[in-house]
Amino acid sequence: MIKGSFEFASFDETKDLIAEFKYDDEWFLQDARTLDPNLRMISLVMAMSGFPSVVGGEHNQYKNAKAFMEKVGFTDFEVNEDYKKKPSKHTLGIFAARKEANVNGEDITIVALGFRGAAYGLEWYENTILGKEGPARGFMGATDRTYKFLTDYLVAHVMKEGMDLLSADVSRTGKKIKLWIAGYSRSAAVANLLGKVVVDRLGDEKNTFVYTFECPKAATFDDNREYKNIHNCINPVDFVPLIIPNVWGFARCGVDDTILPAPEDELWSENIKEVERRMSRFVDDIGFDEKKLAARCVFRGKLAMIDQNKSALIKNGKLESWWFDIKRVDYIRNFIEFMGLQMAPSLGIRSTDTRSQRDAYVDFYQESFAYVSQSYLGAQKEKRLAIRTTLNNYSKELMLDTKAQNVFYLKLLFGTRASIKKLAHQFVEDLIGRLEILPEFENDTKELRTVASRIEPLAYYFLFASSRDTKTHGLAYGLTFGDFISTALKAHMPEYTFTWLEVLGEK
């Protein structure tokens, strides 16, 4: 067994952090279809080591991955060209390495493949490109590029000369080849699809070890046969694995691993204090206290009071509302599935079947989502923070019991599609006006107007969906969203998943 430490970039992209790991070649002797807690943990380590180093610079982003692979005895470390440059719309940083080992008298070759799974900037563009049929098109395109990188690597370093990789059983090389693939978040979706492609084309499920973490649903229900060698570790309070709705026909390949507990689970209450204590290694402000509740995930939502006929209950000129407690995991799941069903109706299309929702997204909203994702998440950190703070403050203002709030909500509650479009325009104009006066956007007025034109359809869609939320008394999803989004990403921290697996692994 090899014990050591590895470095990885922090979730807030400010520094490289250090954590401990354990590794053993013996873990690869078993059938890949058996979930192994040790392999799950070391796979997360490999995935985290691939985050672009804060100190490595643009041309050495992969230094932590290279150092980790060398510590566990892997050689022939290679990266693709994308990993050597700044992320763009159609890039994906990939690395691979191999190890020849004799374990209990058995010769094996382990081929590891990982990704630049965080801080990927403009690559957010592909996350939003779904296409009208088949797996999510953006993720599938990245998967095809990754498969080519993998096969080129195998031909260069593992396969016998002249072998046809696509038709060959890997065992014909004279070596027992173990493929080890791991990914987190965006790269988890690629790893998930890649696991399917490798098994489909090479036919070796027993020796293809795939572990993903916080994996979005990028495959379709038709793709989702068992693939028991693909293990998806899912945090039940993270919104990223749910971000592409089930109601559009999407799924994950493989088996979901539910080891991470939800707040109502006994396992949670038994271990949360130790998890919080250990999280202090990585972050000063953990954000898991009773006020922020980023991890405990019980937070305050707001309901507008309406009757069954969608008539608002109004007293003294105010829209009556009340606060309630809601489990974050319930809000995430219900919110995303509900919003997913409003794509076609927002365009006046009555059908709510899977195909019509996905078609509506691609035809009318996809490019706006893509543009906003790359503009916001691919922007400089200072601009991202300014946009987030401004949006949060504006949303909180609308949560207050003010005359402006009541006018806004009443217009929304009783609005037609045409009037809600006007309301969305007003909302966006107010938001852009607030951003224009900030020093971060002093020279970006023209760009902000472009952003406004792109996000207005999304504002309309969100407001339209909120106005149709009759099952939970009106505007619950919309009114609660501002509070939710301010802490939502904290549940997506890889340090959080790492710490939970570490604590549970010791038991």
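In which hand does helix 11 pass helix 12? In this predicted model, the crossing of helix 11 past helix 12 is right-handed. Helix 11 covers residues 417-436 and helix 12 covers residues 445-467; their axes lie 8 Å apart and meet at an angle of about 140 degrees. That angle makes helix 11 oblique to helix 12, since only values over 145 degrees count as roughly antiparallel. Sorted by class, the contact between helix 11 and helix 12 brings together 15 nonpolar, 3 polar and 6 charged residues.

The protein contains 14 helices and 15 strands, and 56% of its 507 residues count as buried. Among contacts between residues at least 6 apart in sequence, 72% join residues at least 24 apart.

Helix 4 (residues 137-157) and helix 5 (residues 186-202) have axes that come within 9 Å and cross at roughly 60 degrees. Helix 4 and helix 5 are therefore oblique to each other, and helix 4 passes helix 5 in a right-handed crossing. On the helix 4 side, the contact is made by Phe139, Met140, Ala142, Thr143, Thr146, Tyr147 and Leu150. Helix 5 contributes Arg186, Ala189, Val190, Leu193, Leu194, Val197, Val198, Arg201 and Leu202. In terms of class, this contact has 12 nonpolar, 2 polar and 2 charged residues.

Helix 4 can also be considered by itself. Its 21 residues reach 30 Å from the first C-alpha to the last, close to the 30 Å expected at 1.5 Å a residue. The buried residues of helix 4 are Gly138, Phe139, Met140, Ala142, Thr143, Thr146, Tyr147, Phe149, Leu150, Thr151, Tyr153 and Leu154. An α-helix has 3.6 residues a turn, so residues three or four places apart point the same way. The partners of the buried residues in helix 4 include strand 3 (75-79), strand 4 (94-103), strand 5 (106-115) and strand 6 (176-184). Helix 3 (124-127) and helix 5 are also among the elements packed against these residues.

Towards the end of the chain, helix 14 (residues 494-505) should span 16 Å with its 12 residues at 1.5 Å each, and its end C-alpha atoms are 16 Å apart, which agrees. Because 11 of the 12 residues of helix 14 are buried, this helix is largely enclosed by the rest of the structure. The buried residues of helix 14 are Pro494, Glu495, Tyr496, Thr497, Phe498, Thr499, Trp500, Leu501, Glu502, Val503 and Leu504.

Leu44, in helix 1 (residues 37-49), leads back to this region. With 0% relative accessibility, Leu44 counts as buried. Beyond its neighbours within four places in sequence, Leu44 is in contact with Phe213, Thr497, Phe498 and Leu501.

Glu367 belongs to helix 8 (residues 354-377) and is partly exposed, with a relative accessible area of 42%. For Glu367 and Arg454, 87 residues apart along the chain, the C-alpha atoms are separated by 8.2 Å.

How values were computed:
Residues numbered from 1 in each chain as written. Predicted model: local features only at pLDDT ≥ 70, side-chain atom pairs only at ≥ 80, totals over all residues. Heavy atoms only, no water. Axes fitted to C-alpha atoms, helices over the stretch in contact; angles between N-to-C directions. Helix = DSSP H or I, 4+ residues; strand = E, 2+ residues; numbered from the N terminus. Parallel < 35°, antiparallel > 145°, perpendicular 65-115°, else oblique. Left-handed = near helix turned anticlockwise from the far one by under 90°. Contact = heavy atoms within 4.5 Å. Nonpolar A, V, L, I, M, F, W, Y, C, P; charged D, E, K, R; others polar. Expected span 1.5 Å × (residues − 1). Buried < 20%, exposed > 50% of the residue type's maximum accessible area, 1.4 Å probe, protein only.
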